Amino acid sequence: MRKLDIWHQAGLIDEQTLAKIRAFEDEHHRPLALWAVIGIGALAIGLGVISVVAANWEDVPGMVRLALHLALMVWLAAFLIWREQELEQDRPWGLEALLFVLAMLGMTFFGHLGQVYQTSSPLWQPLGVWLLLFGPVLLLRGQSWLTAMLLMAVLVFICWDYSWGSALPGTARDRAQEAWLVFVTALPLMVPPLAAWMRGRSARDTFWKRLEEMAIAYAVAGATFVCIFAGVTERGYEGMTLLDQLIRGGVALAAAALFFKARPGAEGRSSALILAAAGIVCLVAVIVTGSGVMSGILFMALWVAIGAIALRAGWRGLFQLAVGAVALRLIILSFELASDLLTSGFGLILAGIMILAIAWGAVRISREYAPPREGAE
């Protein structure tokens, strides 16, 4: 409330607006201290229940535990079906939280099942079954980033766990199998076009937008890692072969084309360009493999492109992230080119001045050229 007085004295708000804001805040004031006490009490009860169950866990027959677990899932699913429309209209976050809890109960049920029957299998297999059973529910009813994050995280984990499990030491693999495993890890790049297509056909725009953003972030993170990996490996290393990078880059470029077709507007064009940039970087990485300097330049080229796209699209946060990434890589690249300077006091002074200069430049660029915040004039 003190901020209101400061704004009023500065002439940013008049007396009438100040009175309306104070009345609104008084009407919607929440007793945080009371809610904190209630939360602590509920937490204590919950921890007590967990402690009692844990202490007697082994004494409960496995079938009884599984039956209780399944009954809880069925009850929660029935409750969601019964109150879904009301929750979606009045409490969308309540619906989102209950969907997340149901999905997590389903995930832990597979672990519980394996514990009771002493089964052993690669983790991607039960998670794959979970994705087949609960993925459609989350796709059809998810409301925001919470369920989108869960879906994307599980999908990425399944792809990489399958790939790593098939690449254990001593496992013989031919080039066809190697190419297949690379393709599997690139499959999450097909999520952005699906999400973009659904955004124009679903009322749950927030859910599909968050899923789209997370999948594009996966593409950018993958391309960034490829740049880093190219600088620390030798040319011809099996993880950076031409075929592998053709698959990664090809899938990214195909996803970019499909994305643009699904969402041809200015926003869709910008997101498609980011996917395309990630794909091009994967293709170029084969050429610069083994050169720390060239891989660093490729890294900065990727983030300069992302920054330019973000600037044109008006994405302030992404633009500032791109500026920070380029500045950090420029500092590391400077150290790589002049590593001998760090062995002397004078060199350390120059290094410190260089870091401050780059940081100052990054801050100035972010302030001067960053797009305005959403809603700001």
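Reader: How are H9 and H11 oriented to each other, roughly parallel or roughly antiparallel?

Author: In this predicted model, helix H9 (residues 191-199) and helix H11 (residues 242-262) pack with their axes 8 Å apart and at an angle of about 5°. Angles under 35 degrees count as roughly parallel, and therefore the relation of H9 to H11 is roughly parallel.

Reader: How are H10 and H13 oriented, roughly parallel or roughly antiparallel?

Author: The axes of helix H10 (residues 205-232) and helix H13 (residues 292-313) come within 7 Å and cross at roughly 160°. Because angles over 145 degrees count as roughly antiparallel, the orientation of H10 to H13 is roughly antiparallel.

Reader: What is the handedness of the crossing of H10 and H13?

Author: The residues that meet there include Val 220 and Ile 228 in H10, and Leu 298 and Trp 303 in H13. The contact divides into 10 nonpolar, four polar and no charged residues, and the crossing itself is left-handed.

Reader: How many charged residues does the contact of H5 with H7 have?

Author: The axes of helix H5 (residues 92-117) and helix H7 (residues 145-165) come within 9 Å and cross at roughly 25°, so the two are roughly parallel. Among the contact residues are Trp 93 and Glu 96 of H5 and Trp 145 and Thr 147 of H7. The contact holds 10 nonpolar residues and one polar residue, and the number of charged residues is one.

How values were computed
Residues numbered from 1 in each chain as written. Predicted model: local features only at pLDDT ≥ 70, side-chain atom pairs only at ≥ 80, totals over all residues. Heavy atoms only, no water. Axes fitted to C-alpha atoms, helices over the stretch in contact; angles between N-to-C directions. Helix = DSSP H or I, 4+ residues; strand = E, 2+ residues; numbered from the N terminus. Parallel < 35°, antiparallel > 145°, perpendicular 65-115°, else oblique. Left-handed = near helix turned anticlockwise from the far one by under 90°. Contact = heavy atoms within 4.5 Å. Nonpolar A, V, L, I, M, F, W, Y, C, P; charged D, E, K, R; others polar.
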